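Here is a brief report on one protein chain. Keep the sequence and the 3D view at hand while reading.

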Amino acid sequence: MRTSHNTPAARRSAWPRRLSATRTLVRAIPLLLALPLGLLTGCSKPEPTGPAQTSFAALASACTQFLAARQPHVRPSGPGEWTLTGYSPALVQPEVTGTESPVTPYVGKLVIKDNEAQAHATTEAAAQAIPLTPAHLLSNRTHTFIYSFDGQQWRWQNGQRLTKMPGQNDRMEALSQAEVSAAGPKGFAGCVPR
């Protein structure tokens with residue numbers, strides 16, 4: 001005699017087993033998720049503390065203040081033409097990471113995002129008088145500066161600028177320490193350790 005699995009008795013007997021297995025799986029999920037997290041916490045590097053973190057926070061603050069103080073500047077750009085260039089307030093994002101190296105136990109990164117705007121006029125006075133607006137936007141820029149900490153102080157290592165201009169290909173360029181250290185409106189002197 002063959003029994004069918006679709007009989008009410010067979011259906012009734014399968015439900016408790018399925019329900020029991022589902023309950024067991026639901027109870028096990030938090031344990032399964034906690035296991036990898038527990039393993040990962042043993043592998044993570046300690047958060048930077050002490051002089052490395054404190055001095056890098058001071059560098060990021062000085063950089064932010066320096067960039068906030070930038071004023072639009074006017075320069076001649078050709079015969080009978082003057083260009084007014086200004087920058088939006090910059091967003092400065094600092095990050096410090098511990099390393100395995102006893103020589104440079106920490107590496108720091110500043111990511112600086114701002115916008116560059118330009119307007120043109122036939123005289124210097126006319127260019128100075130132009131109020132820069134979003135309509136004058138020339139490009140969005142992202143600067144990435146890398147630093148190393150030797151246990152005593154931070155040192156600038158390298159930098160690059162990514163420029164995005166409407167209607168043009170993105171441009172990535174390496175920056176030298178001399179360019180970054182410049183005190184003028186195009187420079188980032190406040191972002192270089194002293």
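## Terms and overall fold

Strands here are DSSP runs of E of at least two residues, numbered from the N terminus. T144 is found in one of them, strand β5, which covers residues 137–149. The model is predicted.

The chain has four helices and seven strands. Along the sequence they follow the pattern α-α-β-β-β-β-α-β-β-β-α. Of the 194 residues, 27% are buried. The accessible surface of the chain is about 12800 Å², and 60% of it belongs to carbon and sulfur atoms. Take the contacts between residues at least 6 apart in sequence: 56% of them join residues at least 24 apart.

T144 counts as buried because its relative accessibility is 18%, and the cut-off is under 20%. Beyond residues up to four places away in sequence, T144 touches K109, L110, V111, N158, G159 and Q160.

G98 sits in strand β3, residues 91–98. G98 has a relative accessible area of 10%, so this residue is buried. G98 and A52 are 46 residues apart in sequence; their C-alpha atoms are 9.6 Å apart in space.

## The largest nonpolar core

Nonpolar side chains tend to be buried together in soluble globular proteins. In this model, the largest nonpolar core has 22 residues. Which members touch the most other members? They are L67, I112, F145, Y147, W154 and C191. Two or more residues come from each of α2 (51–68), β3, β4 (106–121), β5 and β6 (154–164). Helix α2 gives the largest share, six residues.

## Salt bridges

The structure holds six salt bridges. One of them joins the side chains of R141 and D114, at 2.9 Å from N to O. R141 lies in strand β5 and D114 in strand β4, so the pair ties together parts 27 residues apart in sequence. Are these two residues buried or exposed? Both R141 and D114 are buried. R70 joins D114 and R141 in a network of salt bridges.

D170 and K164 also meet through their side chains, again at 2.9 Å from N to O. D170 is partly exposed at 45% relative accessible area, and K164 is partly exposed at 39%. R171 forms a salt bridge with E173, with the closest N and O atoms 3.9 Å apart. R171 is partly exposed at 42%, as is E173 at 26%.

Note on methods
Residues are numbered from 1 along each chain as its sequence is written. This is a predicted model: local features need pLDDT of at least 70, side-chain atom pairs count only at pLDDT 80 or more; totals for chains, interfaces and linings use all residues. Side-chain values use heavy atoms; hydrogens and water are left out. Buried means under 20% relative accessible area, exposed over 50%, partly exposed in between (1.4 Å probe, protein chains only). Contact means heavy atoms within 4.5 Å. Accessible areas come from the Shrake-Rupley method with a 1.4 Å probe; for residues, only the protein chains shown count as cover. A nonpolar core is a set of buried Ala, Val, Leu, Ile, Met, Phe, Trp, Tyr and Cys residues joined through side-chain atoms within 4.5 Å. A salt bridge is a side-chain nitrogen of Lys or Arg within 4 Å of a carboxyl oxygen of Asp or Glu.
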